[in-house]
Amino acid sequence: MLTRAPLDVASLIAARRPGYTLAAPFYRSKEIFDLDLDVIFARHWIFVGVEPDVPEPGDVMKIDIGLNSILIVRDDDNEVRAFHNVCRHRGARIVTEEHSTVGKLVCPYHQWTYELTGDLVHATHMGDDFDAKCHGLKPVHLRSVSGLLYVCLAAEPPADFDSFAAEMEPRLAPFDLRNAKVVKELDLIEEGNWKLTMENNRECYHCAGNHPELGLSFNKYAVGFVPDADDLEGQAEAAAYAADVERQVQAWEANGFISRPFEELTGRPTGFRTERIVLGGEGESQTMDTKIACKKLMGAITERKLGGLHLWTQPNMWAHFMSDHAVTFTALPLDAEHTLVKTRWLVHKDAVEGVDYDVDHLASVWIATNDQDASLVKLAQCGTRSQAYEPGPYSPLTEGLVDAFATWYVERLSAHMGK
Ligand code: FES
Ligand SMILES: [Fe+2]
């Protein structure tokens, strides 16, 4: 009988060549996928959504991270909480819909009933010795950073989240995300490993050839793209862009909008990067005409031309915050070769559809861009299945931030395996 030797993951990690893509098993193997779910997705802060996903008491959002199903609930005191979506009776899923509104959380199996605080308040026929107080829903660590929701399944979550929150809260405050509303949510399953989804997001080497809609507002020199030394035209474009950035960043910062880059993508569990990016064209928003797509601006913002504040967090998030709307992305691994990318578009909660904004117009750039990215991720995944695949070099001029992602990933696995 043919038997397959177990993967030597430690050797694969040790053999990773800095500046190169990962070996094929990191993108394909079930064993490494399970390791990723444990080491990365069950021990780091995972971006799951935004407070406006559960705007009112009783609103519930279900999100699955690997085999773990999580409930995000707003309780009657307006506190957002997270619990395992696992009944304390015989373990049934309590909530099966992605979004719902409830008075209490009632398990469909035998109707055990939980308060929105997770306390078990009703369980019939359990005998006199049954102690309901010992059977509340199991809580999950939850943090909200100016309305961005992160959960961590570990008993002791990475403590460096505090410094991430401290850096981001003043930057995000003007957008007042807690008083925004989700006007569109879109799920897209990419046919690729979650790391290919993330790698694809961390560079714009592919933008010029693939993203005509995004290219209207997104300058390729914005994040980690440097022209070749002999590309005189590119050098001139990059210099002009840098001068424009210098001018606009100074103006934004003078008005209290923190814009300077901050980047610690590696060397810490909660790696992240942020920067306010100068947008192209009219410079207002990531839209087809590069102007705002929602007349009522976010928070108390009055300046339309605020660029795009971008945020990346390791392992699974990217987002853009503009004067008129925000768009957030959540990557969740489904299996070794499939990844769910959940996109949300948000505007001020008082903006009126048909008066202040049109959803199709608001979302059109990223709907097109997501589809293009999904095609690219699929192509890359196909390549990793071939016997010809071997780790290839990242461009030192345009893919340094992809390398930072892969380096972070290898660091996290190494730290875990070295314990
Ligand atoms: S499994 Fe939930 S009430 Fe029985
Ligand atoms: Fe892309």
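His125 counts as exposed, at 80% relative accessibility; exposed means over 50% relative accessible area, buried under 20%, and partly exposed in between (1.4 Å probe, protein chains only). Phi of His125 is near 60°, a positive value in a residue other than glycine. This is a predicted model, in which local features need pLDDT of at least 70 and side-chain atom pairs count only at pLDDT 80 or more, while totals for chains, interfaces and linings use all residues. Residues are numbered from 1 along each chain as its sequence is written, chains are lettered from A and ligands numbered from 1 in the order in which they are written, and side-chain values use heavy atoms, with hydrogens and water left out.

**Backbone features in loops**

- His125 lies in the loop between strand S8 (120–122) and strand S9 (141–145); helices (H or I, at least four residues) and strands (E, at least two) are DSSP runs, numbered from the N terminus.
- Gln111 is not a glycine, yet its phi is positive, at about 65°.
- The loop that holds Gln111 runs between strand S6 (105–106) and strand S7 (113–114).
- With a relative accessible area of 41%, Gln111 is partly exposed.
- The peptide bond that joins Gln314 and Pro315 is cis, with omega of about 5°.
- Pro315 sits in the loop between strand S14 (308–313) and strand S15 (317–321).
- Asp176 is placed in the loop between helix H4 (161–172) and strand S11 (180–190), and its relative accessibility of 30% makes it partly exposed.
- From C-alpha to C-alpha, Asp176 and Pro139 are 27 Å apart in space, and in sequence they are 37 residues apart.

**Cysteines**

- How many disulfides does the structure hold? There is one disulfide, a term for a pair of cysteine sulfur atoms within 2.5 Å.
- The disulfide joins Cys204 to Cys207, with 1.8 Å from S to S.
- The torsion about the S-S bond of Cys204 and Cys207 is about -95°, so this disulfide is left-handed.
- Are Cys204 and Cys207 buried or exposed? Both Cys204 and Cys207 are buried.
- Cys134 is in no disulfide, and the nearest cysteine sulfur, that of Cys87, is 15 Å away.
- Cys134 has a relative accessible area of 47% and is partly exposed.
- Cys382 also counts as partly exposed, at 36% relative accessibility.

**Helix H5 with helix H8**

- The axes of helix H5 (residues 194–201) and helix H8 (residues 359–384) come within 10 Å and cross at roughly 125°; axes are lines fitted to C-alpha atoms, for helices over the stretch in contact, and angles run from 0 to 180 degrees between N-to-C directions.
- H5 and H8 are therefore oblique to each other; angles under 35 degrees count as roughly parallel, over 145 as roughly antiparallel, 65 to 115 as roughly perpendicular and the rest as oblique.
- The crossing of H5 with H8 is right-handed; this term applies if the near helix is turned clockwise from the far one by less than a right angle, and left-handed applies if anticlockwise.
- On the H5 side the contact is made by Leu196, Thr197 and Asn200, and on the H8 side by Asp373, Leu376, Val377, Ala380, Gln381 and Thr384; contact means heavy atoms within 4.5 Å.
- Four of the residues in the contact of H5 with H8 are nonpolar, four polar and one charged; Ala, Val, Leu, Ile, Met, Phe, Trp, Tyr, Cys and Pro count as nonpolar, Asp, Glu, Lys and Arg as charged, and the others, Gly among them, as polar.

**Helix H3 with helix H9**

- Helix H3 (residues 30–41) and helix H9 (residues 400–417) have axes that come within 11 Å and cross at roughly 80°.
- That makes H3 roughly perpendicular to H9.
- H3 brings Ile32, Leu35, Asp36, Asp38, Val39 and Ile40 to the contact, and H9 brings Trp408, Tyr409, Arg412, Leu413 and His416.
- The contact of H3 with H9 has seven nonpolar residues, one polar and three charged.

**Strand S16**

- Thr328 is in strand S16 (residues 326–335) and counts as buried, at 0% relative accessibility.
- Beyond its neighbours within four places in sequence, Thr328 is in contact with residues including Phe47, Val50, Leu148 and Trp318.
- Ala331 is found in strand S16 too and, at 1% relative accessibility, counts as buried.
- Ala331 and Lys342 are 11 residues apart along the chain, and their C-alpha atoms are separated by 6.5 Å.
- Leaving aside neighbours within four places in sequence, the contacts of Ala331 are Phe41, Thr197, Met198, Asn316, Trp318, Thr339 and Leu340.
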